[in-house]
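Student: I am new to this structure, so please take me through its features slowly. For each one, I would like the general idea before the case at hand.

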Amino acid sequence: MKKIRLYLDTSVISHLEAPDAPEKMQETIDLWEEIKNGQYKIYLSSVVFDELDDCHEPKRLMLYNFLEQIEYEQLEVNSAVREIANEIIRLDILKQKHLRDCFHIGCAIVSECDYIVSWNFKHMVNVKVVKGVRAITNLLDYKPIDLISPSMLINKEE
């Protein structure tokens with residue numbers, strides 16, 4: 001059976017240690033357990049690592065330690081990713097100042113991920129961006145992709 005392909009943006013990894021947002025942190029930890037158990041194929045981009053490097057210690061080291069617990073494929077920002085990012089900006093889905101978010105989206109699209117997983121509701125997981133990304137994948141002939149929060153993935157036992 002083919003595994004679901006997840007692109008994790010930095011907000012997901014960051015919420016593995018987020019005592020100021022305990023519910024999001026717990027849901028992220030629950031998803032992380034599913035990832036560690038091999039339920040998904042994980043993709044991260046060089047942008048994720050650039051953003052993690054911007055974190056202060058000791059959080060940066062803690063987040064890198066979490067990444068050592070999982071298998072993932074690291075993606076680079078290439079010309080195809082830049083083309084998608086430029087289209088996102090050209091179509092006014094996101095502004096130039098959110099170029100890193102555009103690169104996250106572009107990396108996930110080019111790598112044919114099934115979902116972009118993010119806690120960033122302002123610039124990623126919202127109706128405008130979801131519809132815009134759908135339009136771009138159609139326009140540029142890429143596989144459709146959905147933007148979702150970690151809570152939409154975890155297998156909750158009720």
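Tutor: We begin with a term: helices (H or I, at least four residues) and strands (E, at least two) are DSSP runs, numbered from the N terminus. This is a predicted model, in which local features need pLDDT of at least 70 and side-chain atom pairs count only at pLDDT 80 or more, while totals for chains, interfaces and linings use all residues. Residues are numbered from 1 along each chain as its sequence is written, and side-chain values use heavy atoms, with hydrogens and water left out.

Student: Which element gives the most to the lining of the largest pocket?

Tutor: A pocket, on a 1 Å grid over the protein atoms alone, is an open set of points where a 1.4 Å probe fits, with protein on both sides within 12 Å along at least five of seven lines, and lining residues have an atom within 4 Å of a point. Here the lining of the largest pocket is made up of K3, I35, K36, G38, Y40, K41, I42, Q69, I70, E71, Y72 and E73. Two or more of these residues come from each of α2 (22-36) and β2 (40-45), and β2 gives the most, with 3 residues.

Student: Where does the backbone have a cis peptide bond, and which residues other than glycine have a positive phi?

Tutor: Most residues other than glycine have a negative phi, and most peptide bonds are trans. In this model the bond from E57 to P58 is cis, with omega near 5°, and P58 lies in the loop that runs between α3 (46-53) and α4 (59-67). D92 has a positive phi near 60° and sits in the loop between α5 (79-90) and α6 (99-110), while E112, whose phi is near 55°, belongs to the loop between α6 and β4 (115-117).

Student: What does the side chain of H104 make a polar contact with?

Tutor: A polar contact is a pair of N or O atoms within 3.5 Å, where within protein one must be able to donate a hydrogen and the other to accept it, and residues adjacent in sequence count only if both atoms are side-chain atoms. H104, in helix α6, has such a contact of 3.0 Å with the side chain of E51, and H104 is buried, with a relative accessible area of 1%.

Student: Which side chain is joined to that of H123?

Tutor: The side chain of H98 is joined to that of H123 by a polar contact of 3.3 Å. H123 is placed in the loop between β4 and α7 (127-139), and its relative accessible area of 16% makes H123 buried.

Student: How many aromatic pairs does the structure hold?

Tutor: Rings of Phe, Tyr and Trp (its six-membered ring) pair if their centres lie within 6.5 Å, with planes under 30 degrees apart counted as stacked, over 60 as edge-to-face and the rest as tilted. The structure holds 4 such pairs, among them the edge-to-face pair of W32 and F66, at 6.4 Å centre to centre with 85° between the planes. This pair links distant parts of the chain, since W32 in helix α2 and F66 in helix α4 are 34 residues apart, and both W32 and F66 are buried. Ring pairs also link F49, Y64 and Y72 into a cluster.

Note on methods
Buried < 20%, exposed > 50% of the residue type's maximum accessible area, 1.4 Å probe, protein only.
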